[in-house]
Amino acid sequence: MFSERAAPTAQGLLSPPSAEPPKFARVPLSGYTDQSQPFRLGERSFGHQYAHIYAVRLARMRPILQERARSKWGDDIALRKLCELQAGEKCCVVGTLFKAMQLQPSILQEISEEYNLVPQPPLPKYIDPSDELILEDELQRIKLEGAVDVQKLVTGTIFAVYGYEQDNGKFLVEDHCFASLPPALPRNGPSSDRFVLLASGLGLGSGSGESLLSTQLLLDVVTGQLGAEGQQSCAAHISRVILAGNMLSQNTQSRDTLNKARYLTKKTQAASVESMKMLDEILLQLCSSVPVDVMPGEFDPTNYMLPQQPLHHCMLPLASAYATLRLVTNPYQADVDGVRFLGTSGQNVSDIFKYSSMDDYLEILEWTLLAGHISPTAPDTLGCYPFYNLDPFIITECPHVYFCGNAPRFQSKLLTGEKGQQVLLVTVPTFSTTQTACLINLRDLSCQPISFSGFGAEDDDGDMDIKH
Amino acid sequence: MEDELYLENIDEFVTDQNRIVTYKWLSYTLGVHVNQAKQMLYDYVERKRKENSGAQLHVTYLVAGNLIQNGHVCHKVAVVREDQLEAMKSKLSTIASVHVYSIQKALLKDSGPLYNTDYDIVKTNLHNCSKFSAIRCDAAVPRPVVEVAPAQTSVQDGSQTKSDRSAASVPAVNGRGPSSAKPTTQQPKGIMGMFAAKAASKSQDTNKETKVESKEAPSVSATSSKPPAKGNIMNNFFGKAAMNKLKVNSVPEQPKEEKEVITPSVPEAAPESSLNTVVEKPGKKTEPARNQQKDKKSKMKRVDKSDNEEEREPENVKKKRKRIKQLQSDSSDEEGIPPPPTPEEEKPPSPPPVPTLKTELEPASTEVSAGGRKRKRKRVLKSKMFIDDEEGCMVTEKVYESESCTDSDDDFKTKPPAAPKQPVLPLKKEPKEERKNVKKGVAAASRASKQVSIMGFFQKK
C-alpha cells in the first residue's frame with residue numbers, strides 16, 4: 001500500500017538539502033466511538049458462582065441457535081430440551097458443550113492426598129484421544145457421539161445438535177451447527193485510504209535488545225520521521241494505532257518471590273517498573289503524533305481475569321497528558337472511521353489452542369467468530385469475571401475487523417458471511433519475535449504486514465528474514 | 001554560508017567527536033526538519049567522497065519497499081549498511097524510500113549503537129519529540145494542568161485522576177505523582193495545626209504551617225477552587241450554632257477546607273492563618289468528634305454536645321473516611337490543639353496562647369505524627385495535672401488523648417466536657433498537646449501521663 005504511492009519520491013532524499021521540507025498533517029481524528037462498554041467492570045463482586053455465566057450464555061444464544069437450526073434442518077424439526085428427550089426421536093437440542101479431558105489440569109487432583117500426584121507440567125496441548133463431549137443444558141447433560149469432532153471443540157461452546165437419543169443413553173449426533181456470523185453491521189468506511197496500524201507483543205523489558213531498533217523504526221515510520229517524502233505522506237494517513245497487548249515482556253512478570261528468600265526480594269523493584277517507564281516514553285512519542293489505543297495483555301500490569309481492565313493512567317504519566325492516548329479494555333471494540341473493530345490480546349485464542357486440536361491461530365479466530373462467542377473457554381480454563389446478568393463475550397454484531405494479538409505469525413483472511421457480512425480476520429504477530437505489525441486499510445478492508453529490521457553481524461545480506 | 005555550516009558541523013561530529021550521526025540525532029542537534037537532516041547527511045557524504053575518496057566514512061541507509069514473501073506482499077523497512085544496500089534494493093519489488101540513516105567513522109557490526117544514539121537524543125527531547133517530524137497531528141495536544149483538587153479525593157481512594165496526570169508532560173510529573181500523596185498528608189496536618197493553635201500563636205502556627213505547606217506547595221498545584229467546594233463540608237461540620245459563634249465565618253471554613261483539602265496553596269495558607277485561630281475552636285471541637293467517629297477502635301461513646309455538629313459529622317466523617325488523610329488531619333488537629341478548654345459548642349477564640357509551646361511543638365508533632373498518621377488512633381482517657389496560676393491551684397483534668405497505635409509520641413488530648421477551665425499552661429511534653437473534648441461522659445481507661453519515651457511505642461501495641 002505504501003510502496004506504490006511512495007515510489008515516485010523514493011530517492012528524493014538522496015540529494016542536497018532542498019527548500020522547505022513538507023509537513024504533512026495527520027488525517028484528522030474522525031468517526032471514533034468506543035464500543036467496549038460491556039467490557040468495563042465497575043463495582044466488582046465475586047460473590048456469584050460461575051454457573052450463572054453459563055446460564056446467561058445459554059439463554060442468550062438459544063434463540064439464535066434455534067433459528068439457525070430451523071434454517072439448516074427445516075422448519076419442522078423438533079426442538080427439545082434434554083429433559084424432554086425420548087429415545088429414538090429425531091430432534092434438535094441446544095446446549096452448552098463440555099469436554100471431559102483427562103489431561104486438563106485440575107487443582108483438586110493436584111492437592112488431593114489420595115492420588116499423591118506431582119503437579120502436571122504445563123503442556124502445549126491438553127487434548128487426548130480419550131476426551132469426551134457432553135452436552136448440557138439447564139437441567140441435564142448427555143454424552144455425545146457421532147458426527148462431532150471431539151478434538152476440535154472446546155468447553156463452553158453453545159451449539160445445536162441434530163440426532164436422537166440412543167438406548168445406551170448417549171446422543172447420536174447426525175449433524176450440528178453453531179451460531180454462525182451475527183447480523184451484519186453497515187460499513188461506512190472512508191472513501192480515501194486510511195490506515196490503522198495493529199501491533200502487539202512489543203515485549204519491553206525482555207532483557208534482549210533485538211527488537212528495540214525495530215520498535216524504534218516502527219515509531220519513526222508512524223510518526224513520519226523515517227522514509228522519503230512519499231512514505232511520510234502515506235504514514236500521515238495512518239489514523240490510529242492499536243497496541244493489542246503484551247507491551248511488557250513475560251520476563252517482567254515476577255521477582256521470583258516464590259523461590260527466593262524474602263530478604264533477597266524485598267527491596268528489589270519489580271521489573272515491570274522499568275519497562276513501564278520505557279513504555280511511557282514510547283507511547284509519548286506515538287501519542288504526540290497519532291491516536292493510540294492501548295490494550296492490556298497477559299503480561300501487562302492489570303487484572304488477570306477477562307475482561308482485562310485498561311492500564312491505569314498513573315503508570316503512564318508522560319503519555320497520559322495527551323488526549324490521543326486511550327487506555328482500553330481487553331477485549332476491545334470500537335468504531336474507527338465507520339469500521340467496527342473487535343479484538344483481543346490473544347488470550348482467548350491461545351487458550352482454545354491448548355484445548356483443541358486446531359493449530360492455526362487464524363482458524364481458531366474464525367471458529368470463534370462462527371461460534372458467536374469471543375472466548376467460549378472462559379471461565380472454564382481461562383480466567384473470567386463471574387458475570388451473572390450478561391455475557392459480554394457473545395458477539396452480537398458482526399465486526400468488520402476481527403483481530404487477535406500475540407499470534408506466532410501474521411495471517412489475514414477476508415471472510416464473507418451468508419448474509420453479506422464481510423469480516424477481515426487478522427492475527428497480529430508478536431512484535432518482539434517477528435518485528436512485524438499490520439497495516440489495515442479501512443477503505444477496502446485490506447491488510448498488509450509491515451516489518452522492520454536492522455542489521456546484525458551474522459547476516460550476510462544484512463537483512464533479517466521476516467518469519468512467516 | 002549556511003550550507004557550509006552544516007557540513008562543518010557534521011564533519012566535526014563524525015571525524016572529531018567520532019560520533020554516530022544519525023539523521024534523527026542531527027535533526028535534533030541542529031534543529032532542522034528530519035528530511036533536511038537526511039539530505040544534509042547525503043550531501044556531506046557526497047562531498048567528502050568527492051574530495052577524498054579514501055575518506056573513512058561508513059554510511060547506513062534506510063530502505064523501504066514491498067517484499068514478496070510467502071505469497072503475500074509485505075512492506076519492509078530496513079536499515080542496511082552501505083554494502084548491503086544494492087542487495088536489499090534488488091530484493092524489494094517496489095522501493096518506497098531510500099535515504100541516509102547514519103554516518104559514522106567506524107564500521108558497524110550491528111545496528112545496536114544506532115538505536116542507542118537515537119534513544120539518547122529522543123530521551124532528552126521527549127517533550128517535543130514530534131517537532132521536527134514530517135507529520136504533525138493537530139489532535140495531539142497535551143492536556144493543561146488541571147486543579148489537583150478533584151484528585152484529592154481520588155488520591156484518598158488510592159488512585160489518581162487524570163487531572164493529576166495532566167500536570168505536565170514533562171518527566172517532572174513522574175516526580176509529582178508520588179510526591180503529591182505526601183503533600184496531601186502533610187497538608188492536612190499543617191492545616192489542622194492551624195486550627196489547633198491559639199489565636200496568638202496562630203502566627204507562629206501559620207509560619208510553621210506555611211513552612212510545612214511550602215514544602216508541598218511547589219509540588220502541588222494550588223487548589224483555590226477546593227476551599228469553596230469544601231466550604232460546604234466544613235459548614236456542615238461546624239453546624240449552625242458553631243458557625244454563628246465564629247467570628248469569621250467564611251474564613252474559618254477555608255482553613256478547615258484546606259485541612260480537608262490535600263493541597264492548599266501556600267498563599268492561601270498565609271492569609272488564612274490569622275483566621276485559623278477562630279476556626280481553631282470549632283476545629284478542635286469537631287476534631288475530637290470526628291476523631292472519635294473515625295476512630296474505629298474507639299468504643300467510647302460521646303454524648304453529643306452539639307447536635308448539629310454531630311449530625312454533620314457523620315456525613316463529614318463519611319466523606320472524610322474515604323480519605324486516608326482524614327486520620328492525619330485529625331491527629332494533626334489534635335496535636336496542635338491548644339489547651340484552652342472549650343465549652344460545648346463554643347468557638348470562641350481560644351484564650352491565651354497556651355500553645356506558644358504547642359505551636360512550636362505542632363510542626364514537630366505534625367511531622368512526627370505524619371508518619372504515624374496512617375495508623376489507628378485510640379482514645380484514651382488520661383489525667384493531666386497542671387498548675388493554674390490564675391486561680392492558684394492545681395488542676396487535674398481528665399483528657400482524652402488520641403494516641404497513634406504505632407507512634408507513642410503522638411498524643412492527642414481532648415478534654416472531656418467536664419472541664420470548663422482552660423488550662424493556661426499547656427502541659428507539655430514534646431509531642432503532647434491537649435485538646436478539649438466537646439463530648440461528655442466518655443469513660444476511658446486512664447493512663448499514666450505520657451512521657452516521651454520509646455517505651456510508649458511498645459505500650460501502644
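Predicted model: local features only at pLDDT ≥ 70, side-chain atom pairs only at ≥ 80, totals over all residues.

How many residues of chain A are in contact with how many residues of chain B? I find 76 residues of chain A touching 81 residues of chain B, where contact means heavy atoms within 4.5 Å.

Residues are numbered from 1 along each chain as its sequence is written, chains are lettered from A and ligands numbered from 1 in the order in which they are written, and side-chain values use heavy atoms, with hydrogens and water left out.

**Interface**

I looked up the area next. Chains A and B bury about 6,700 Å² between them, 56% of it on carbon and sulfur atoms; buried area is the accessible area (1.4 Å probe) that two parts lose on being put together, summed over both. On the chain A side, Lys23(A), Gln225(A) and Phe455(A) lose the most area to chain B, together 12% of what that side buries.

Then I turned to polar pairs. I count 24 residue pairs in polar contact between the chains, both residues at pLDDT 80 or more. The rule for a polar contact is a pair of N or O atoms within 3.5 Å; within protein, one must be able to donate a hydrogen and the other to accept it, and residues adjacent in sequence count only if both atoms are side-chain atoms. By class, the side of chain A that touches chain B has 39 nonpolar, 26 polar and 11 charged residues. I used the grouping with Ala, Val, Leu, Ile, Met, Phe, Trp, Tyr, Cys and Pro as nonpolar, Asp, Glu, Lys and Arg as charged, and the others, Gly among them, as polar.

**A helix in chain B**

Which residues of helix H4 (residues 82-91) of chain B are buried? They are Gln84(B), Leu85(B), Met88(B) and Lys89(B), buried being under 20% relative accessible area, exposed over 50% and partly exposed in between (1.4 Å probe, protein chains only). Helices (H or I, at least four residues) and strands (E, at least two) are DSSP runs, numbered from the N terminus. The face of H4(B) turned away from the buried side carries the exposed Asp83(B), Glu86(B) and Ser90(B). The cover over the buried residues includes strands E2 (58-69), E3 (72-81) and E4 (94-104) of chain B.

**Chain A overall**

Last, I noted 11 helices and 19 strands in chain A. Of its 468 residues, 58% count as buried.
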